[in-house]
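Hi,

Here is the model I promised to pass on.

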Amino acid sequence: MMRAVGAADIAPRTYAWEIRAGGLKVRVGAKRMAVDGLDLSLGTGVHGLLGPNGAGKTTLIRALATVLRPAAGSLELLGEPAGGTGEAHRALRRRIGYLPQEFGYYKRFTVREFVEYMAWLKEVPKADVPAAVQRAVERVGLADRAEDRMKTLSGGMVRRVGIAQAIVNDPAILLLDEPTAGLDPAQRLRFRELLQELGADTCVVVSTHLVEDVAAACTDVVLFAEGRLRFQGTPDDLAAAGGPEHVGDSPLERGYSALLLDSAQERGTW
Amino acid sequence: MSVEHASTRIVDAYARGGEELAADEVWALEAHLETCGACRERLSAAVTSEAPALASLVGTVWSELEPHLAATVPVPPRRRWSAALTAWLTPVMVPWLATAVSVTLIALLLEVTGVRPGLGNGPLVLLFAPLLPVCGVAASWSRGLDPAYELTASAPRAGLPLVLRRTAAVLGVVIPPLLVGSWATGVSAGQWLLPALAFTSAALALGTVVGVTRACAALAVVWAAVVLAPTLATGRTTFALQPDGMPVWGLLLALGAGVVAVRKDAYSLLGTHR
């Protein structure tokens, strides 16, 4: 199903980067800075956000989704400062899609009702809601289960509903926090195809701890550890960073462990 | 505005395809067709007469496609009431609201039958009226109860309008049974309505600072200290709920509303869902 092209779609962009952070700091709890002085520029494409557990990936994604206020530094999304208020802030949020790591849903809703509810929360114009919902549900391959209640779905399907609700407003920035958790290998392949499709005209940020996801679907890798940017480049650059002396089963894994080596030594092997 | 339409020669040549038309003519015609229904109609007639091979190909495709289209499940009509309801209440609030209404009805029943398990001789409805809406607000904006809290907080609609909507829904459900209760027991509505609204606004105001769930828990403690404990101790309606105490509640209501208005942006952040 195609969407009609509106004036907003062909208007010239007035920003160079969809996401631009300078010296970004985001606090978690009273003391800890989970994101500590991050400089990052992300444009259109699929960006894989890699990092060990506790690196601050979720906090960064939450800050990008504007549900956490930065403690310091600047964050610009689609050319707008992220800390704004009022109508400009709402207009910015309408162009962001977000799948949280813990994707909570209402068990009694059907797939269609849930995605419709999210479309309502995202202020999709009322007349566009049915078509937008159908398109989103078809894109994640759940058209035949659209009238089933959420509690009857498997874990992988619930995850796909999460992706459907994230793309229902045709976002310009799509933030997916661990979207491949719970998907089986075939679904994972299909999901990577969907990511590449979306990445053609959207800035997609995918946080993951699976290096193979990045190799298959991402145009760009952002390696993130202890709240700071360690590396940004193509998957090939990441592979080139590792040598045979580093741990890992694939060139990407060796590159990953090579770049994280110094931080691992500081904190012990775990 | 008079519009110049495409000539029959150009339309026919376009329908036949091939090299007959220059590129600029094709371009101009296509630009015109996008905006002109009359010429599109002429083109479709021209395709049938000028390019029968193309017309029969389209016909074949349609005849093959039609059985598949018929088999596609049509989108069922939207359940209007559920869509309208979710704009005001989250599904997780429904069990809580049912509890609140039944608590009111049970208290009313006790009152009418004269069974008073050690709650003094003041009207029972006064005792819990301030707390019921506060619990509803907690249920509508709590991380523990609402699984979709993070999605809600990240949506453009999150913020003061959504909070007020949900609060209004809570009050709309809770206040009618309380009204019936107070009418049946002869308590004036103002005596509990003002404290109830004051507690609700205080919960929302405090919620912007420490999170709504914590704010509601704190207010429940305050309620126990200011209303419940004195009533149980003295066996009479406490001063706080006497008509003399009303200006204080009014002040609290105004203060709460003011704080909510000033700090309204906090409702679109994750911290308020604590």
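**Around H8 of chain B**

The cover over the buried residues of H8(B) includes helix H6 (93-113), helix H7 (124-128), helix H10 (160-185), H11 and H12 of chain B. "Cover" here goes by contact, meaning heavy atoms within 4.5 Å, and "buried" is under 20% relative accessible area, with exposed over 50% and partly exposed in between (1.4 Å probe, protein chains only). Helix H8 (residues 131-140) of chain B has 9 of its 10 residues buried, so it is largely enclosed by the rest of the structure. The buried ones are Leu131(B), Leu132(B), Pro133(B), Val134(B), Gly136(B), Val137(B), Ala138(B), Ala139(B) and Ser140(B).

Some housekeeping before the rest. This is a predicted model, where local features need pLDDT of at least 70, side-chain atom pairs count only at pLDDT 80 or more, and totals for chains, interfaces and linings use all residues. Residues are numbered from 1 along each chain as its sequence is written, chains are lettered from A and ligands numbered from 1 in the order in which they are written, and side-chain values use heavy atoms, with hydrogens and water left out. Helices (H or I, at least four residues) and strands (E, at least two) are DSSP runs, numbered from the N terminus.

Axes are lines fitted to C-alpha atoms, for helices over the stretch in contact, and angles run from 0 to 180 degrees between N-to-C directions.

On the H11(B) side, Phe199(B), Ala202(B), Ala203(B), Leu206(B), Gly207(B) and Val210(B) meet residues of H12(B) including Arg214(B), Leu219(B) and Trp223(B). By class, that contact has 12 nonpolar, 1 polar and 1 charged residues (Ala, Val, Leu, Ile, Met, Phe, Trp, Tyr, Cys and Pro count as nonpolar, Asp, Glu, Lys and Arg as charged, and the others, Gly among them, as polar).

Leu54(B) is in helix H4 (residues 52-71) of chain B and is partly exposed at 40% relative accessibility. The C-alpha atoms of Leu54(B) and Ala15(B) are separated by 9.1 Å, with the two residues 39 apart along the chain.

**Over in chain A**

There is an open sheet of 4 strands in chain A, ordered S2-S1-S4-S5, with antiparallel pairing. Two strands pair if DSSP finds at least two bridges between them. Strand S2 (32-42) and strand S5 (80-81) are the edges, each pairing on one side only. Strands S1 (residues 19-28) and S4 (residues 72-77) of chain A are joined by 5 bridges, and Gly22(A) in that pairing stands opposite Ser74(A). Helix H2 (residues 57-64) lies across S1, S2 and S4 of chain A, at about 120 degrees to S1(A).

Strand S9 (residues 220-225) and strand S10 (residues 228-233) of chain A form an antiparallel pair with 5 bridges, and the two make a hairpin with 2 residues between them.

Which non-glycine residues are worth a look for phi? Most residues other than glycine have a negative phi. Leu78(A), in the loop between S4 and S5 of chain A, has a positive phi of about 55 degrees and is buried at 6% relative accessible area. Glu178(A) has a positive phi of about 50 degrees and is buried too, at 8%.
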